[in-house]
Amino acid sequence: MALVFEIADRLSPSLIPSFEFVKYKYFIGSKRRLGPVVGPTHQTAVIADLPRRKEDFATVSWLIGSIPFSVLSGLTMFYALSLLVSLLAPAGGDSTPFRWPGVTYPTPGDLGIVWLLGLCAAFAGSYLTALRNLYRAIKNFDLSPGTLVGETIRMLLSAVLAPILVVGLLWIGTETIRALAISEATLTAPSVIALVVAASFIAGVMPEVVLRSIIQRDKLRNFKREKEEVFEAFKITPVEIIDGIDSDIRIRLEDYHIHSTQNLAAANPLMLFVETPYGVYQIMDWVAQAQLCCSVGRDRVIRLWPLGVRTLFDLERLAASSDGANEALLLEVGRVILGEGLVPKDVSNRAAAAALVRASIELRLDDPHVQRLRQIYIAVGDRLGASSRRFRSSRLLYRCRYRSGRGWLCRTLKPKAA
């Protein structure tokens, strides 16, 4: 990659920032310090590159982070298995190794079995989420003792929120649920147990969402709350909208915290190329499509495809072209992006409308992640060479004119002689 993305410089070769970020994540490098270097005539202080040891957290930090997580998860999961065995095993099966001696378990008709099953479901959800987060941390070189401490706190938080959520559903819920939850027999019904287990499992998987929901619905005064209409107005766009990404690829990208098109648009293509099995050209195309989706909106992307615009750089090339033959296509793209209110079909001043569309496109091209992707495109294009950019056939010229009632009329012109 260093050979491909090396930029020639007068003094020394330099690399583009996207590749430098990859190096900083995967390479330890060397520790630099000032050291005296004795020359033949004088003594000077220069920066010497010395071998650097691999830095890691201290063993005590790993023990402090891993022991609480291991003890909590081990005891909880073993008790959950023993509780299930006590419910499923026949009478007289006390010799099973999954049962703790001297520990009594409630019978299926007791009210305590409802809360124990809910608590075990909450721990199971939080434990599965912790395993997934630890797996992602390992893949992203982000595992630390703080990660284990955070997952332990999440498991304890889910154990506290699960009963609160169940109480809110059964006793402070709707009138129908309140009317049903009036006796112990009703509370131990299979449907109620299923509701408790499902709600507790959700609390274990997403404790932060449950906590935020509880706080939002309290009656505390002078407490700043979130406006729920904002969440309805702004929803994430899944990456499946990108041409070439399916559900399996989305699951793979989620391991690197790419959940929406905005995450993909701001991602480092070279980093994804190193960490995923997909080709660099494929990833560059995905990121460019995601940038166009974030710029114009998911509803307009599909309308731009028939016009030959799949990425944000297609818009840039169209706006940068000074050929008058592209003006008709530029105005048509402007109607998709800005609407027919700003760029009507029967526009009187075509030059002013084209200038408006170009100004709107230029505003979308100055973000740092767009500049980074453009730099990679240019570096790859320079390596491919100018002879591979277009086919070596004669270029055809087009002239288009819009006529009311007849639409766009285009004809081909012969290229001018050199």
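**Helix 2 and helix 3.** I began with the axes of helix 2 (residues 59–88) and helix 3 (residues 112–139), which come within 10 Å and cross at roughly 135 degrees. That makes helix 2 oblique to helix 3. Angles under 35 degrees count as roughly parallel, over 145 as roughly antiparallel, 65 to 115 as roughly perpendicular and the rest as oblique. Axes here are lines fitted to C-alpha atoms, for helices over the stretch in contact, and angles run from 0 to 180 degrees between N-to-C directions. I noted the crossing of helix 2 and helix 3 as left-handed (the near helix is turned anticlockwise from the far one by less than a right angle; clockwise would be right-handed).

I then listed the residues in contact (heavy atoms within 4.5 Å). Helix 2 brings, among them, Phe69, Leu72, Met77 and Leu83. Helix 3 answers with residues including Ile113, Leu116, Phe123 and Tyr127. By class, the contact of helix 2 with helix 3 has 15 nonpolar, two polar and no charged residues. Ala, Val, Leu, Ile, Met, Phe, Trp, Tyr, Cys and Pro count as nonpolar, Asp, Glu, Lys and Arg as charged, and the others, Gly among them, as polar.

**Ground rules.** This is a predicted model, in which local features need pLDDT of at least 70 and side-chain atom pairs count only at pLDDT 80 or more, while totals for chains, interfaces and linings use all residues. Residues are numbered from 1 along each chain as its sequence is written, and side-chain values use heavy atoms, with hydrogens and water left out.

**Whole chain.** I found 18 helices and six strands in the protein chain (DSSP runs numbered from the N terminus: H or I of at least four residues for helices, E of at least two for strands). Of the 418 residues, 33% count as buried (under 20% relative accessible area; exposed is over 50%, partly exposed in between, with a 1.4 Å probe and protein chains only).

**Cores.** Which residues have the most contacts inside the largest nonpolar core? They are Ile245, Leu264, Trp286 and Leu315, in a core of 49 residues. A nonpolar core is a set of buried Ala, Val, Leu, Ile, Met, Phe, Trp, Tyr and Cys residues joined through side-chain atoms within 4.5 Å. Helix 13 (residues 280–296) gives the most to this core, with 10 residues. A second, separate core of nine residues includes Ala80, Ile113, Val114 and Val196.

**Helix 15 and its partners.** Helix 13 and helix 15 (residues 312–320) pack at about 75 degrees, with axes 7 Å apart. That makes helix 13 roughly perpendicular to helix 15. Ala288, Gln291, Leu292, Ser295 and Val296 of helix 13 meet Leu312, Phe313 and Leu315 of helix 15. I then turned to helix 16 (residues 327–338), whose axis lies 10 Å from that of helix 15, at an angle of about 135 degrees. Helix 15 is thus oblique to helix 16. Leu315, Leu318 and Ala319 in helix 15 touch Leu329, Leu330, Val333 and Ile337 in helix 16.

**Single residues.** Is Ser158 buried or exposed? Ser158 is buried, with a relative accessible area of 0%. Ser158 sits in helix 4 (residues 145–170). I also checked His257, which has a positive phi of about 60 degrees although it is not a glycine. His257 lies in the loop between helix 10 (247–254) and helix 11 (261–265). At 47% relative accessibility, His257 is partly exposed.
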